[in-house]
Amino acid sequence: MTDTLKKNVGTRIRHWSVTLFFVIICVWAFTGIEFTGIKETAGQVSKAILRGLLNPDWGYVYLPEGEDLLRGLLETAAIAVLGTFISAVLCVPFAFWAASNKGKGRWATSSGKFMLSLIRTFPEVVMAIIFIKAVGPGSYAGALALGVHSIGMLGKLYSEAIENLDRGPREALIACGANKLQTLWFAVIPQVLPDFFSFALYRFEINIRSAAILGVIGAGGIGTPLIFALDARSWNRVGIILLGVVVMVTIIDLISGYIRRRLV
């Protein structure tokens with residue numbers, strides 16, 4: 001009974017210590033924020049934003065003579081598709097490099113996982129800024145930024161799928177005298193391919209949202225007219241752009257979710 005009581009007391013002390021630690025961290029973080037007060041025009045600006053969002057500019061949905069909402073959303077989707085395709089192809093060798101069940105040494109697997117973690121360290125916005133400096137502003141820079149950044153996460157998911165595959169078919173082919181290429185083609189790829197497609201679709205859903213943001217810094221997509229509308233305080237146009245993004249993301253999530261349920 002005494003041992004049980006001591007164990008309960010020790011557990012409570014650990015829980016309270018962790019809670020107190022996080023409280024101290026939160027208090028320290030908030031004390032470093034400088035609050036200069038609310039501006040006098042905050043109420044007026046908030047009302048203007050709300051009116052614009054509730055009364056979107058429906059005329060911007062389609063403009064025959066120039067850029068409009070539909071063209072911006074189509075460009076955003078194209079950036080996400082190309083970026084996802086680039087990452088889905090380029091991350092495959094990284095995934096096999098980082099997988100730990102392929103008979104490699106621990107140093108090889110660790111170096112592959114470190115490389116994927118290093119790629120994931122740089123956000124899409126940083127990648128987009130780098131590619132804008134290299135190839136210029138526009139959709140090309142946005143697609144390259146999404147493609148390179150997504151290699152880190154997709155490669156990690158792919159490597160986990162490779163590690164979790166059933167070794168039975170591979171061992172059976174090896175016992176029959178199959179070489180490495182044959183075991184890879186007939187035992188490994190058929191097992192991991194559905195997971196690869198599912199993870200790529202999941203990443204495509206994320207890239208759609210990211211592509212809408214990258215346009216704010218000049219990497220193409222619907223974010224470019226959005227930042228122009230925000231600078232001009234054209235809240236009606238901001239409202240229709242945000243509404244279009246919500247509709248596009250919702251439709252793509254539904255379609256992607258249905259396809260992924262059929263694959264896995």
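Visitor: Which is Ser-256, buried or exposed?
Guide: This is a predicted model, in which local features need pLDDT of at least 70, side-chain atom pairs count only at pLDDT 80 or more, and totals for chains, interfaces and linings use all residues. Buried means under 20% relative accessible area, exposed over 50%, and partly exposed in between (1.4 Å probe, protein chains only). Ser-256 has a relative accessible area of 4%, so Ser-256 is buried.

Visitor: Which residues does Ser-256 touch, apart from those up to four places away in sequence?
Guide: Ser-256 is in helix α10. A contact means heavy atoms within 4.5 Å. With residues up to four places away set aside, Ser-256 touches Leu-201, Tyr-202 and Glu-205.

Visitor: What relative accessibility does Ile-240 have?
Guide: Ile-240 also needs placing: helix α10, residues 235–263, contains Ile-240. Ile-240 counts as buried because its relative accessibility is 2%.

Visitor: How many Å separate the C-alpha atoms of Ile-240 and Trp-58?
Guide: Leaving aside neighbours within four places in sequence, Ile-240 is in contact with several residues, including Pro-56, Trp-58 and Leu-69. Ile-240 and Trp-58 are 182 residues apart in sequence, yet the C-alpha to C-alpha distance is 6.7 Å.

Visitor: Which residues are in contact with Ser-159, not counting those up to four places away?
Guide: Ser-159 belongs to helix α6, which covers residues 139–163. Ser-159 counts as buried because its relative accessibility is 2%. Beyond the excluded places, Ser-159 touches Ala-95, Ala-98 and Ala-99.

Visitor: How far apart are the C-alpha atoms of Val-27 and Gly-168?
Guide: Val-27 sits in helix α1, residues 2–31. Its relative accessible area is 48%, so Val-27 is partly exposed. Val-27 and Gly-168 are 141 residues apart along the chain, and their C-alpha atoms are separated by 54 Å.

Visitor: What is the distance between the end C-alpha atoms of residues 238–259?
Guide: An unreviewed UniProt entry annotates residues 12–31, 77–99, 211–232 and 238–259 as "transmembrane region"; such annotations may be inferred rather than shown by experiment. Residues 77–99 are 96% helix and 0% strand, with end C-alpha atoms 31 Å apart. Residues 238–259 are 100% helix and 0% strand, and the end C-alpha atoms lie at a distance of 32 Å.

Visitor: What radius of gyration does the protein have?
Guide: The radius is taken over C-alpha atoms, and the globule rule is 2.2 Å times the number of residues to the power 0.38. Those C-alpha atoms fill a box of roughly 75 × 65 × 35 Å along the principal axes. A compact globule of 264 residues would be near 18 Å, but the protein has 25 Å.

Visitor: What percentage of the residues count as buried?
Guide: Contacts between residues at least 6 apart in sequence join residues at least 24 apart in 73% of cases. Of the 264 residues of the protein, the buried share is 34%.

Key
Residues numbered from 1 in each chain as written. Heavy atoms only, no water. Helix = DSSP H or I, 4+ residues; strand = E, 2+ residues; numbered from the N terminus.
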